[in-house]
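Q: I have a model open and would like to learn how to read it. Could you walk me through it feature by feature?

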Amino acid sequence: HVKKKKKLPQSWEYVPLGPFGAKNFHTTISPWVVPLAALEPARCAPPPAVADGSTGGDGPLPYLRMEPAQLARSAFSIELEVSLSRPEWQGELVVCRGNTRTLYWSVAQQLAHHAVTGCNLRPGDLIATGTISGPALESAGCLLERTWRGEWPLTMPDGSERTFLRDGDTVTMRGVVALPGCARRIGFGECVGTVLPVV
């Protein structure tokens, strides 16, 4: 597992690219690859709506369903933080804080969904979950969601307002497993990218 950041605006992923379309365009990954075995202490249950299918319909398709014991440990509790900075600012602005346990589809389900159509997955392939957003506005996983499609601007450290990224902005993503009562922390390192002007 690594933290991964897309460099394409979220709105472009919905139309016309569709899901997963931005991830094969331009990507930055964190410096550390964390083995799945190291994340075992972070395993947890997914949100209740995933477990009981209460989001509507008949729940997941048969190939995405899990036994109760599998489902109870299908999510990971990894704390996430995304910040925005510029060279002229004092410090950075935390744009959102969230947790991977809010993913609707588990990593295993996402891999199954890729493979069901004959996708040629191999060891070492880089797979991304997509935007991870929680129930609160502060846990919205992208600037498009955080600013409600640009309608609710964020105030920057210099007093300006922002709804979208600009040239010179640096985006930093951090992910860490920090469990209550456990001194050990598992970090992914920082995933950092700066928006450069078009050449």
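Q: Let's start with a single side chain. Is Glu-92 buried, partly exposed or exposed?

A: Buried means under 20% relative accessible area, exposed means over 50%, and partly exposed is in between (1.4 Å probe, protein chains only). Glu-92 has a relative accessible area of 34%, so Glu-92 is partly exposed. Before we go on, keep in mind that this is a predicted model: local features need pLDDT of at least 70, side-chain atom pairs count only at pLDDT 80 or more, and totals for chains, interfaces and linings use all residues. Residues are numbered from 1 along each chain as its sequence is written, and side-chain values use heavy atoms, with hydrogens and water left out.

Q: Which residue forms a salt bridge with Glu-92?

A: A salt bridge here is a side-chain nitrogen of Lys or Arg within 4 Å of a carboxyl oxygen of Asp or Glu. For Glu-92 the partner is Arg-174, with the closest N and O atoms 3.1 Å apart. This pair ties together distant parts of the chain, 82 residues apart: Arg-174 sits in strand 9 (residues 170-178), while Glu-92 is in the loop between strand 5 (79-85) and strand 6 (93-99). Strands (E, at least two residues) and helices (H or I, at least four) are DSSP runs, numbered from the N terminus. Arg-174 counts as partly exposed too, at 23% relative accessibility.

Q: Which residues are linked with Arg-174 and Glu-92 in a network of salt bridges?

A: The network also takes in Glu-81, Arg-97 and Glu-190.

Q: How many salt bridges does a search of the whole structure find?

A: The search turns up 10. One of them joins Glu-88 to Arg-86, at 2.8 Å between the closest N and O atoms. Glu-88 is exposed, with 52% relative accessibility, whereas Arg-86 is buried at 19%.

Q: Now for the nonpolar side chains. Which residues make up the largest nonpolar core?

A: In soluble globular proteins, nonpolar side chains tend to be buried together. A nonpolar core is a set of buried Ala, Val, Leu, Ile, Met, Phe, Trp, Tyr and Cys residues joined through side-chain atoms within 4.5 Å. The largest one has 12 residues, including Val-82, Leu-84, Trp-89, Val-95, Met-173 and Cys-191. Strand 5, strand 6 and strand 9 each give two or more residues to this core, and strand 6 provides the largest share, 3 residues. There is also a second, separate core of 11 residues, with Val-34, Leu-39, Leu-103 and Ile-186 among them.

Q: I see cysteines. How many disulfides are there?

A: A disulfide is a covalent bond between the sulfur atoms of two cysteines. The rule used here asks for a pair of cysteine sulfur atoms within 2.5 Å, and the count comes to 0. Take Cys-142: the closest cysteine sulfur, in Cys-96, is 8.4 Å away, too far for a bond. Cys-142 is buried at 12% relative accessibility, and Cys-191 is buried at 0%.

Q: Last one, the backbone. Where does Trp-148 lie?

A: Look in the loop between helix 5 (143-146) and strand 7 (154-155). Trp-148 is not a glycine, yet has a positive phi of about 50°. Arg-149, in the loop between helix 5 and strand 7, has a positive phi near 60°.
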